[in-house]
Amino acid sequence: MTQTDGAIIQAIELQCERGHRRLFDRLSFQVAAGQCVHIAGDNGAGKTSLLRILCGLLSPTSGEVRWRGQPIGRVRDEYGADLIYVGHLNGVKDDLTASENLRVWAAMAALSVGAEDLAQALRSLSIERFAHWPAGQLSQGQKRRIGLARLTLARQARIWILDEPFNALDRHGVGILNQLIARHVSGGGAVVLTTHQSWEAPVPVVRLDLVAEAGS
Amino acid sequence: MIQALLAVVRRDLLLAMRQRGDVFNVLMFFVIVVTMFPLGVGPDKDTLRLIAPGVVWVAALLSAILSLGRLFALDYADGTLEQIMLSGQPLSLTVLGKIAAHWLITGAPITVMSVVLAMVFDMAVGPGATLVASLLLGTPCLSLIGAVGAALTLGLRGAGVLVTLLVLPLYVPVLICGALAVERSAGGLSPAPGLMVLAALSLGATALAPWAIGAALRVSVE
Amino acid sequence: MQTQTIRPLRFGLHRFAAPPEFYRLAGRLIPWFGSAAAVLAAFGLYLGFFVAPTDFQQGEVYRIIFIHVPAAWMSMFIYAVMAFWAGVGLAFNTRMSSMWACAMAPTGALMAFLALWTGALWGRPAWGAYWAWDARMTSTLILLFLYLGFMALHGAIDDPRRADRAAGVLALVGVVNLPIIYFSVQWWNTLHQGATISLTRAPTMATTMLEAMFVMMLSFWMYSIATSLARVRAILLEREKRTSWAQAIARG
């Protein structure tokens with residue numbers, strides 16, 4: 001394991017058990033600035049669990065995750081401010097419009113965003129004409145884009161943790177997201193993602209394969 | 001941080017306004033439950049005046065529990081709860097904001113409605129005012145303790161009934177103090193002891209419950 | 001595109017050294033605690049039914065307090081211990097502590113139920129009613145509800161870790177509320193009834209009566225430990241059923 005200076009996230013000896021299955025054990029790796037890590041594996045290998053452990057939403061059975069050298073359990077709020085997570089659920093309220101969803105999310109995260117920033121975020125995901133539509137009336141792909149628009153709003157967050165972000169996106173959407181990832185990584189940010197689709201990465205990736213051991 | 005807290009309150013109020021039916025239903029439930037008692041017990045004015053504090057308070061407890069279903073479950077289902085937990089703001093503060101909004105749409109209307117109910121039960125002005133005051137001081141505690149139950153049962157089958165089982169025993173002190181304060185007032189005594197204990201319970205819950213709720217949310221989201 | 005593949009280290013050796021050890025140890029301890037419980041119960045009942053004097057007010061009926069009072073005390077004690085171990089499990093992320101807390105809950109609930117039942121049996125001949133809504137009995141009833149809530153919450157959650165931790169939070173909230181509930185029920189009772197005699201306070205306590213109750217309480221304590229050990233063994237076996245040591249035991 002190469003020691004990379006400036007590692008933003010360190011996963012140390014992670015073990016994860018869900019229900020009665022042990023998904024992975026003694027898993028250690030690092031994510032550095034300007035790095036894109038692709039976590040691959042079959043269905044049920046534990047990719048989503050691993051991402052949620054990295055975010056701090058799931059606690060590992062043993063081992064720890066460190067952010068800037070500190071265990072994330074101790075610096076939850078600062079870590080949360082430096083991180084954006086896009087999970088399986090979009091995190092979008094059906095009763096609010098696309099624009100309101102972003103505005104409310106930013107306000108709760110204490111980010112100062114103006115109307116222009118919101119419009120720009122929607123424009124970058126090509127959904128600006130749905131700005132005033134209630135999200136409940138939009139398609140899955142459009143709701144996904146609202147969730148992804150958060151990536152452009154929170155410019156101070158250096159870490160993107162994305163769980164199957166390309167789900168429900170059409171080819172145009174995939175292209176937009178690839179561009180966002182490329183720009184983020186080349187700007188010094190870090191991206192950790194999973195995708196089970198065949199993905200043509202726009203940047204060099206470090207690939208982490210979760211392999212289930214037979215008979216565990 | 002205060003801005004973020006207010007943002008949470010505003011968001012929940014906005015969402016409640018978009019689904020006004022939910023909010024109104026809880027209030028209707030409160031009124032209907034209270035109405036059942038005279039129908040079951042008989043319309044004798046003296047009996048009703050005697051049972052009024054207990055009846056209104058029990059109905060308030062049940063209405064509070066009923067309203068808990070929308071406190072966290074909706075956010076949990078669409079993934080916004082996770083986003084809130086990762087927003088970089090202290091979870092206990094966000095939780096307080098949500099509960100404040102929850103109280104504004106359940107506890108506060110119930111308190112206001114109790115004015116009408118005091119008249120329906122033909123309560124004198126003193127006990128009636130005490131009833132309203134007791135609800136005003138006690139319903140925040142109901143929202144706070146109820147939130148612990150709601151957070152623990154997120155996403156479980158049969159969560160509605162389970163929350164009731166978990167939370168009603170914990171509501172007992174609030175119920176007792178609230179009903180007792182009104183009864184003392186009806187008996188010509190000062191309701192101050194009961195009301196002060198209610199205030200103390202609400203303040204204590206405001207200080208301690210957010211920790212428990214945050215811990216429960218983290219457990220449930222895993 | 002250049003990709004590097006980092007393979008995670010292979011799954012480690014069994015780190016479950018503790019559970020099989022604990023399983024064996026618990027198995028050895030159960031007979032000791034069980035017999036201690038039986039011996040103490042025999043002695044305590046002897047003291048209570050034959051040695052302690054007849055109460056001048058209630059005659060022989062009062063003797064049921066030698067079961068009623070120790071059961072009530074144990075139900076509260078077990079809840080506090082349960083909440084303590086649940087708290088330890090939450091704070092230090094140790095699985096055994098949470099399992100121990102779960103193992104104790106049914107015994108605590110049983111103690112509460114026993115207290116209520118013997119209280120009702122006593123109430124009928126002594127006060128004329130099976131249930132008199134006095135402060136101590138009502139508090140014990142609410143304690144029983146807290147136990148049942150703990151068990152219901154734990155049973156409703158499929159994932160054992162989430163179940164342990166959710167029930168743990170509930171137990172901690174309950175233990176903080178318990179004194180508040182107790183005092184508010186006391187207040188409720190005194191204001192409504194004004195009666196000062198409670199079912200659990202005999203007017204005068206002869207020393208032998210206290211001795212008998214103390215011995216019975218010890219007996220219940222030994223019994224609780226024995227049943228909790230037995231239950232935690234079952235829980236351990238269930239949770240670890242995929243491991244080889246558990247399967248060896250199951251195969252007998």
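Two residues are in contact if their C-beta atoms, placed from the backbone, lie within 7 Å. By that criterion, what covers the buried residues of helix H2(B) includes helix H3 (45-67) and helix H7 (107-120) of chain B. The model is predicted. Chain A has six helices and nine strands, whereas the secondary structure of chain B comes to 10 helices and zero strands.

**Chain A: overall form**

- With a radius of gyration of 17 Å, close to the 17 Å that the globule rule gives for 216 residues, chain A is as compact as a globular protein of that length.
- A box of roughly 50 × 35 × 30 Å, taken along the principal axes, is filled by the C-alpha atoms of chain A.
- Of the 216 residues in chain A, 45% are buried.
- Among contacts in chain A with a separation of 6 or more, 73% are between residues 24 or more positions apart.

**Chain A: domains**

- Where the two domains of chain A meet, 14 residues of domain 1 are in contact with 10 residues of domain 2.
- On the domain 1 side that touches domain 2, the elements giving two or more residues are strand S7 (159-163) and helix H6 (171-186) of chain A.
- H6(A) gives the most to that side of domain 1, with five residues.
- By class, the side of domain 1 of chain A that touches domain 2 has eight nonpolar, three polar and three charged residues.

**Interface of chains A and B**

- The interface has 22 residues of chain B in contact with 22 residues of chain A.
- Helix H1 (2-18) and helix H5 (80-85) of chain B are the elements that give two or more residues to the chain B side touching chain A.
- H1(B) gives the most to that side, with seven residues.
- By class, the chain B side that touches chain A has nine nonpolar, eight polar and five charged residues.

**Chain B: overall form**

- Read along the sequence, the pattern of chain B is α-α-α-α-α-α-α-α-α-α.
- The radius of gyration of chain B is 18 Å, close to the 17 Å that the globule rule gives for 222 residues, so chain B is as compact as a globular protein of that length.
- The C-alpha atoms of chain B fill a box of roughly 55 × 30 × 30 Å along the principal axes.
- Buried residues make up 55% of the 222 residues in chain B.
- Of the contacts in chain B between residues at least 6 apart in sequence, 79% join residues at least 24 apart.

**Helix H2 of chain B**

- Helix H2 (residues 20-41) of chain B has 22 residues and should span 32 Å at 1.5 Å a residue; the end C-alpha atoms of the helix are 33 Å apart, which agrees.
- Val26(B), Phe30(B) and Val34(B) are the buried residues of H2(B).
- After H2(B) comes Gly42(B), which has a positive phi, near 110°.

Methods: Residues numbered from 1 in each chain as written. Chains lettered and ligands numbered in written order. Predicted model: local features only at pLDDT ≥ 70, side-chain atom pairs only at ≥ 80, totals over all residues. Helix = DSSP H or I, 4+ residues; strand = E, 2+ residues; numbered from the N terminus. Rg over C-alpha atoms; globule rule 2.2 N^0.38 Å. Buried ≥ 20, exposed ≤ 12 C-beta atoms within 10 Å, placed from the backbone. Nonpolar A, V, L, I, M, F, W, Y, C, P; charged D, E, K, R; others polar. Expected span 1.5 Å × (residues − 1).
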